[in-house]
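Please read the following walk-through with the structure open beside it, so that each residue can be found as it is named.

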Amino acid sequence: MSTATTRPEQGSGPRPWALVAGGAAAVLLVAFALIVAERGLDRGAGRELAELVERHRLQAETDGVFFVPRVERAAVPVDPLDPAWESAPSIIVKLSRQVDAMPILERATVSSAELRALGDGEWVVWRLSWPDESPDMNVDSGRFCDAAALQFPVSGEAPHTMGDDRNPVHILHWKALWQKDVDEHFQDVQDLHPNYWADLYWFADGPAPYRVPDDFSDPRSQQWFAAFSAGNPVSDIYRTRPVEELSATGFGSLTSHRESVSDGRGVWRDGSWHLSFVRPLRTEDPLDAQFWRGGRGTVGVAVWNGGDGNVGARKHWGFWTAFELSP
Amino acid sequence: MPKRYNWQLGREMDYPFEAPPPARQVAYVFDTNKCIECQTCTVACKTCWTSGKGQEIIFWNNVETKPYGGYPLEWDTRLLAKTGPAAWKGTTLVTPTVFETEGDKQPPNGHRPAVDDYSSPNVGEDDITGTIEMGAAFSGVHPMWMFYLARICNHCDHPACLAACPRQAIYKRDEDGIVLIDQERCRGYQECVRACPYKKTFFNVISRASEKCIGCFPRVEQGQVALCVESCIGKIRLHGFLTTRGEPRPDNPLDYIVKIRKLALPLYPQHGTGPNVYYIPPVHVPNGFLEQLFGPGVEAAKTMYRKLADDRQLLGALLLSGASQRIITRFEVKGDEVLGWAENGDEVARVPFTEPVYIRKHYDEVHNVYRHNTT
């Protein structure tokens, strides 16, 4: 099986796709020192590694590839508002309306997003930020939430249009609704409509107006949760993470992974969303994109403005952005 | 976009998918002249299928008052405002369907109701078309009118919900044409809600997925009529199957009423979805209004309905409404009765054309009480 990031020995030279990647990357000067400190390397080995990192960084810069530096684990910020992100390299990803598949996005409200990334050699954290005047964190009839996604090719040839039959992509999807589920509680009817009333829910426990999932533990009370009972991942009333992992082989093929190791967090502050996506470089899952220290890969970004009716294919997205992980 | 023939429009039309018709098509005849809007159907459906959390404002079955009522609010007039009125040349639709104006990068022409539009399912209930002047007296024919319109999913031949779903999470069953949303696959984009001209798909805020009338398929698979049909105390509903691969059968009550006699008409056929709830138009309502709702066959249907007493085959088929919990697939008029058979050959209905009348004494000697005439 081919992989998303190329091994260092295969990917040291310039590649055509790297030329289309926008922006040059800057590296944290502290990275080298931290790596040395973490590994307790002797002065000679440390110098050797530093030179290797610097060589990769310069080559990445020459190729127009976004360089993801390596820092010690404690220095990898999971909080998207962590000040450490300010000194991490960044790239501006241009976004445009999705107009390839039905239904297209009729109006663009986001033109770009800022992407940053840091790794520790075993994990990588992506930080995505984009402007949004107001957070939309819940859903209802005709109401949608903000969301974002990163996609990685599982095979190097996958088109940015969510892959194709032979070249699947691996997607990390965050939704503001799920963040609210995790930060507060599962968003229930009374959270949307505080003054609503219903006389009865069969087999529910506890006092009215009843809360999902606590008052619906009796399996008989879950008979009307058809999508949940069918195992639909969007209907998970016990959600613990705001990030979902999915695979796709083209439009309309999005499928959730039953098992997921990715996590993340989204925070809206001062007119912008700031998200972190956290995942290990390597997993045992053949559906996952895999990464190597010193390897190159590509990442795609998508953003949904729920307040403007963005949902599903009605989204903003960008072409592939090439990146290289620090050796 | 592929072309499909729509028999209700008398022409081919665009539709994003090619597919053969199902082996047979579930269909219903609703007699609007008999409906009293008791909502027993609504309650039967809601109690069974949509009484869970997140389904508070979801009614797979509802009964509304026309012309002003509608659930969700103005579901039909908002689409008509976008499409304009339908125009027919004879029995052929001239104006475009919802599939023929948006191109292949947008879903069918539709609109998305706001959450408040679901909050008052009885708006317009019992409202008539005008006010009655002080001192007015009834003198033959009321100038004002209203009627009740019972609505469920139409399990369309060419479903707009299915056409709109970017995930192909909606499918039409080959065995009976029932249209279902795959509850495992739906991701709650609400494109189906926007596209369905009848607004009979709904977003569930707890499931975060869309839901719709399932045509009581677990009952249909056992040969039983839908709950809304069985519970109808006015016996306005007849549940059966239309022949799809071959000529309509005169001994199939649905084929006979809908396809052969054309007494019952589809609702808003101009949208092109091929809806399969067929309405006998209310005979007291002006044709101008009804022809936008039911297409060009209104006057012929009304005339036929007024002469039902002399039309024993058609009346016989209609008498099967509410006559059995089993789905009747074959019927025959014999003497003063109409007989109906289920698919397995069981006789499941035997209805007399004239109900026997029993006249009882004013005084009941057994119970020592006087009987009161309450009719």
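Across all chains of this predicted model, there are 40 salt bridges. Side chains of opposite charge can pair when their charged atoms come close. One such pair is formed by the side chains of Asp188(A) and Lys53(B), with 3.0 Å from N to O. This pair crosses between chains, running from Asp188(A), in the loop between helix 4 (176-183) and helix 5 of chain A, to Lys53(B), in the loop between helix 1 and strand 4 of chain B. Asp188(A) and Lys53(B) are both buried.

Another salt bridge links Glu244(A) with Arg187(B), whose closest N and O atoms lie 2.9 Å apart. Glu244(A) sits in strand 8 (residues 243-248) of chain A, while Arg187(B) belongs to the loop between strand 9 (179-181) and helix 4 (191-195) of chain B, so this pair also joins two chains. Glu244(A) has a relative accessible area of 7% and is therefore buried, and Arg187(B), with a relative accessible area of 6%, is buried as well.

The side chains of Arg314(A) and Glu191(B) form a further salt bridge, at 2.7 Å from N to O. Because Arg314(A) lies in the loop between strand 12 (296-304) and strand 13 (316-317) of chain A and Glu191(B) lies in helix 4 of chain B, this pair too joins two chains. Arg314(A) and Glu191(B) are both buried.

Chain B also holds a network of salt bridges, in which Glu64(B), Lys66(B), Asp76(B) and Arg151(B) are linked. Asp76(B) leads on to helix 2 (residues 75-83) of chain B, where Trp75(B), Asp76(B), Leu79(B) and Leu80(B) are buried. These four residues cover an arc of only 120° around the axis, and they therefore lie on the same side of helix 2 of chain B. An α-helix has 3.6 residues a turn, so residues three or four places apart point the same way. The cover over the buried residues of helix 2 of chain B includes strand 4 (62-66) and strand 7 (147-151) of chain B. Just after helix 2 of chain B comes Gly84(B), which takes a positive phi of about 80°.

Helix 1 (residues 40-49) of chain B can be read in a similar manner. Its buried residues are Cys41(B), Thr42(B), Cys45(B) and Lys46(B). They too cover an arc of only 120° around the axis, which places them on the same side of helix 1 of chain B. Among the elements that cover the buried residues of helix 1 of chain B are strand 4, helix 6 (227-230) and strand 12 (237-243) of chain B.

Once its neighbours within four places in sequence are left aside, Phe294(B) is in contact with Leu149(B), Leu265(B), Pro266(B), Leu267(B), Pro269(B), Tyr279(B), Pro281(B) and Pro282(B).

Chain A can now be considered as a whole. It has 6 helices and 14 strands, and 57% of its 327 residues count as buried. Of the contacts in chain A with a separation of 6 or more, 66% are accounted for by residues 24 or more positions apart. The accessible surface of chain A comes to about 14,100 Å², of which 52% belongs to carbon and sulfur atoms.

On that surface, Leu200(A), Trp202(A) and Phe203(A) make a nonpolar patch of about 270 Å². Leu200(A) is found in the loop between helix 5 (189-192) and helix 6 (226-229) of chain A, and its relative accessible area of 46% makes it partly exposed.

Is Arg143(A) buried or partly exposed? At 39% relative accessibility, Arg143(A) counts as partly exposed. Leaving aside neighbours within four places in sequence, Arg143(A) is in contact with Asn138(A), Leu192(A) and Gln190(B). Although Arg143(A) and Asn310(A) are 167 residues apart in sequence, their C-alpha atoms are 9.4 Å apart in space.

Note on methods:
Residues are numbered from 1 along each chain as its sequence is written. Chains are lettered from A and ligands numbered from 1 in the order in which they are written. This is a predicted model: local features need pLDDT of at least 70, side-chain atom pairs count only at pLDDT 80 or more; totals for chains, interfaces and linings use all residues. Side-chain values use heavy atoms; hydrogens and water are left out. Contact means heavy atoms within 4.5 Å. Buried means under 20% relative accessible area, exposed over 50%, partly exposed in between (1.4 Å probe, protein chains only). The arc is that of the directions from the helix axis to the C-beta atoms. Patches are made of residues with over 30% relative accessible area and no salt bridge: like charges are joined within 9 Å, nonpolar side chains (Val, Leu, Ile, Met, Phe, Trp, Tyr) within 5 Å. Accessible areas come from the Shrake-Rupley method with a 1.4 Å probe; for residues, only the protein chains shown count as cover. A salt bridge is a side-chain nitrogen of Lys or Arg within 4 Å of a carboxyl oxygen of Asp or Glu.
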